[in-house]
Amino acid sequence: QVQVVESGGGLVQPGGSLRLSCAASGRIFSINVIDWYRQAPGKQRELVATITSRSATTYADSVKGRFTISRDNAKKTAYLQMNSLKPEDTAVYYCYAEIKGDSISSYRRYWGQGTQVTVSS
């Protein structure tokens, strides 16, 4: 059984920083692409950042230069460092990871439960 769990959310003032973590556990052979998504109240879920197995990264225009995605393969964990936070970054942040359980299985994608980020003074 594979689980993906986010942590690190909270309340922060505008201009502040947070670091989110996405930890995968269970029967894992390899982890391919990891995405961070977010969903604000009344809005559709949007892709924020992506990191490949070779650590190539892409970002939504709205977070470029402020957010940094990274991963530690040994710890089966990805991170989202968020700096210069704005009120419009307020959302539930989700991790979406592509995981293979053994050498012969196909990759499957797993969502975490989300972590709330609130940017407010």
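## Notebook: strands, salt bridges and rings

**Strand pairing.** I started with strand β1 (residues 3-7), which runs antiparallel to strand β3 (residues 18-25) and is joined to it by five bridges. A reminder to myself: this is a predicted model.

**Salt bridges.** How many salt bridges does a search of the whole structure find? I got seven.

I opened the one between R109 and D35, where the closest N and O atoms are 2.9 Å apart. R109 belongs to strand β10 (residues 108-111) and D35 to strand β4 (residues 30-39), so this contact ties together parts that lie 74 residues apart in sequence. Are the two partners buried or exposed? R109 has 32% relative accessibility and counts as partly exposed, whereas D35, at 5%, counts as buried.

Then I turned to D89 and R38, whose side chains meet in a salt bridge at 2.9 Å, N to O. D89 sits in the loop between β8 and β9 (91-100) and R38 in strand β4, so the pair connects parts 51 residues apart in sequence. I checked burial for both: D89 is buried with a relative accessible area of 1%, and R38 is buried at 6%.

My next stop was E98 with R109, a salt bridge at 4.0 Å, N to O. E98 is in strand β9 and R109 in strand β10, so parts 11 residues apart in sequence are tied together. E98 counts as buried because its relative accessible area is 17%, and buried means under 20%.

Which residues are linked in a network of salt bridges? I traced R38, E46, R66 and D89.

**Aromatic rings.** I moved on to the rings and counted four aromatic pairs. For Y37 and Y96 the ring centres are 5.9 Å apart and the planes stand at 80°, so I logged the pair as edge-to-face. This pair links distant parts of the chain, with Y37 in strand β4 and Y96 in strand β9, 59 residues apart. Both Y37 and Y96 are buried.

For Y96 and W111 I read 4.0 Å between the ring centres and 20° between the planes, so this pair is stacked. Y96 lies in strand β9 and W111 in strand β10, 15 residues apart, and this pair too links distant parts of the chain. I looked up accessibility again: Y96 is buried with a relative accessible area of 18%, while W111, at 38%, counts as partly exposed.

Putting the ring pairs together, I find Y37, Y94, Y96 and W111 linked into a cluster.

**A charge over the rings.** Finally, I asked which ring faces R45 lies over. One is Y94, with R45 at 3.7 Å from the ring centre. R45 also lies over the face of W111, at 4.5 Å from the ring centre. Y94 and W111 are both members of the ring cluster I noted above.

Note on methods:
Residues are numbered from 1 along each chain as its sequence is written. This is a predicted model: local features need pLDDT of at least 70, side-chain atom pairs count only at pLDDT 80 or more; totals for chains, interfaces and linings use all residues. Side-chain values use heavy atoms; hydrogens and water are left out. Two strands pair if DSSP finds at least two bridges between them. Helices (H or I, at least four residues) and strands (E, at least two) are DSSP runs, numbered from the N terminus. Buried means under 20% relative accessible area, exposed over 50%, partly exposed in between (1.4 Å probe, protein chains only). Rings of Phe, Tyr and Trp (its six-membered ring) pair if their centres lie within 6.5 Å; planes under 30 degrees apart count as stacked, over 60 as edge-to-face and the rest as tilted. A charge sits over a ring if NZ of Lys or CZ of Arg is within 6 Å of the ring centre and within 35 degrees of the ring normal.
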